[in-house]
Amino acid sequence: MKSVNDVSDRDQNTPMSLKHLLATVVDRLRAGGLPEPESDAWLLFSHVFHIDRTHYLLEQQRAVTDEERTRMEAVVNTRLTRVPVQYITGEQNFYGLTFRVTPDVLIPRYDTEVLVDLVLKQAGDARSFLDLCTGSGCIAVSLMKFGNFSYGEATDISRAALAVAADNASRNGVSLKLSEGDLWEAVGDKTYDVIVSNPPYIAASERPSLMPEVAQYEPALALFAENEGLVFYERIAREACKHLNAGGRLFVEIGATQGEPVSQLFRQNGLEQVSIVQDLAGLSRVVTGRKPEPSEG
């Protein structure tokens, strides 16, 4: 397989240009079986060179230094082992914001923006929220940044994840209360207008079907759940009404086949107005429910 230093198709006395280097990176990633070689190549390239597309177009014929080629070679070799691009660059965009990511947290997915959208649309005059299993903090930070909340709290069992979430809150200029603990143990008897969660929900039996980037590199603690992926929904639904203010709402992200069982858990534990919301691909993505007002009980 070619390296990014390959000179077989050019004169060895001719310096390699940025344009030639980028094309070589695309070729290497494609030959390595990466599913999105053009996208990955650009993300790695822009990370190494700290360059956007406009400046690349202006500078694409400039010569690449030996040190730049060496750095590019290193990140390409890492990507070829299927380490996610975001763990190499240390960043991922979500809801128009930039988040730091490390192997201690899941990489934020665009699918999760459906959850944030729904909370912002249905929050009404809600002023407080709790984000369970916050990971990178992408949900909580986005809600504080774009919602009308005066108080936001985010919890996680992983201290390392909470450190990443704290950094992301600071980077994006929002204030969050961060609490360490296993679901409800982190919050005591506090109540909130909104509770939101993207918990672990993949059944262990599904692991062999996952992409290597997910199965080998993202934190298993944040991915997999017992009872066919439903155990965290069971625990969340069981206690939700104790921690919701009257009329408050619970929102959870789900796997595509989990809409009905999670909806049933919501109803069994006293929530009303339960509904399943689909993402842009038409797949079930969020289940939401409301705690009744006292007069409605």
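Among contacts in the protein between residues at least 6 apart in sequence, what percentage join residues at least 24 apart? The value is 65%, computed on a model that is predicted.

## Overall architecture

The secondary structure of this predicted model comprises twelve helices and nine strands, and the C-alpha atoms fill a box of roughly 80 × 40 × 35 Å when taken along the principal axes. Of the 297 residues in the protein, 52% are buried, while the accessible surface comes to about 13,900 Å², with 49% of that area belonging to carbon and sulfur atoms.

In soluble globular proteins, nonpolar side chains tend to be buried together. The largest nonpolar core here holds 31 residues, and those touching the most other members are Trp184, Ile195, Tyr233, Leu250, Val252, Val262 and Phe266. Two or more residues of this core are given by each of E3, E6, H11, E7 and helix H12 (259–268), and the largest share, six residues, comes from H11. Apart from this core lies another, of 29 residues, which includes Leu22, Phe49, Val75 and Ala161.

## Strand E9 and its partners

Strand E9 (residues 284–290) has seven of its seven residues buried, and is therefore largely enclosed by the rest of the structure. Strand E7 (residues 244–253) runs antiparallel to E9 and is joined to E9 by five bridges; Arg249 has Arg290 of E9 as its bridge partner.

Strand E8 (residues 272–278) also pairs with E9 in the antiparallel sense, over five bridges, and here Val277 has Val286 of E9 as its bridge partner. In the hairpin of E8 and E9, five residues lie between the strands, and Gly282 takes a positive phi near 80°.

## Aromatic pairs and clusters

The count of aromatic pairs in the model comes to nine. One of them joins Phe129 and Phe149 in an edge-to-face arrangement, with 4.9 Å centre to centre and 75° between the planes. Because Phe129 lies in strand E3 (residues 128–132) and Phe149 in the loop between helix H7 (138–146) and strand E4 (151–156), the pair ties together parts that are 20 residues apart in sequence. Phe129 and Phe149 are both buried.

Tyr201 and Tyr233 form a stacked pair, with 6.5 Å centre to centre and 25° between the planes. This pair links distant parts of the chain, since Tyr201 sits in the loop between strand E6 (192–197) and helix H9 (212–217), whereas Tyr233 belongs to helix H11 (residues 231–243), 32 residues apart. Both tyrosines, Tyr201 and Tyr233, are buried, and Tyr233 is also among the core residues that touch the most other members.

Elsewhere, Trp42, Phe45, Phe49 and Tyr56 form one aromatic cluster, and Arg53 lies over the face of Trp42, at 4.1 Å from the ring centre. Phe49 of this cluster is also a member of the core of 29 residues.

## Helix H7

Helix H7 is mostly covered, with seven of its nine residues buried. The buried residues of H7 are Cys138, Ile139, Ala140, Val141, Ser142, Leu143 and Met144.

Methods. Residues numbered from 1 in each chain as written. Predicted model: local features only at pLDDT ≥ 70, side-chain atom pairs only at ≥ 80, totals over all residues. Heavy atoms only, no water. Phe/Tyr/Trp six-rings, centres within 6.5 Å; stacked < 30°, edge-to-face > 60°. Helix = DSSP H or I, 4+ residues; strand = E, 2+ residues; numbered from the N terminus. Buried < 20%, exposed > 50% of the residue type's maximum accessible area, 1.4 Å probe, protein only. Lys NZ or Arg CZ within 6 Å of the ring centre and 35° of its normal. Pairing = 2+ DSSP bridges. Core = buried A, V, L, I, M, F, W, Y, C linked by side-chain atoms within 4.5 Å. Contact = heavy atoms within 4.5 Å. Areas by Shrake-Rupley, 256 points an atom, 1.4 Å probe, with all protein chains shown as cover.
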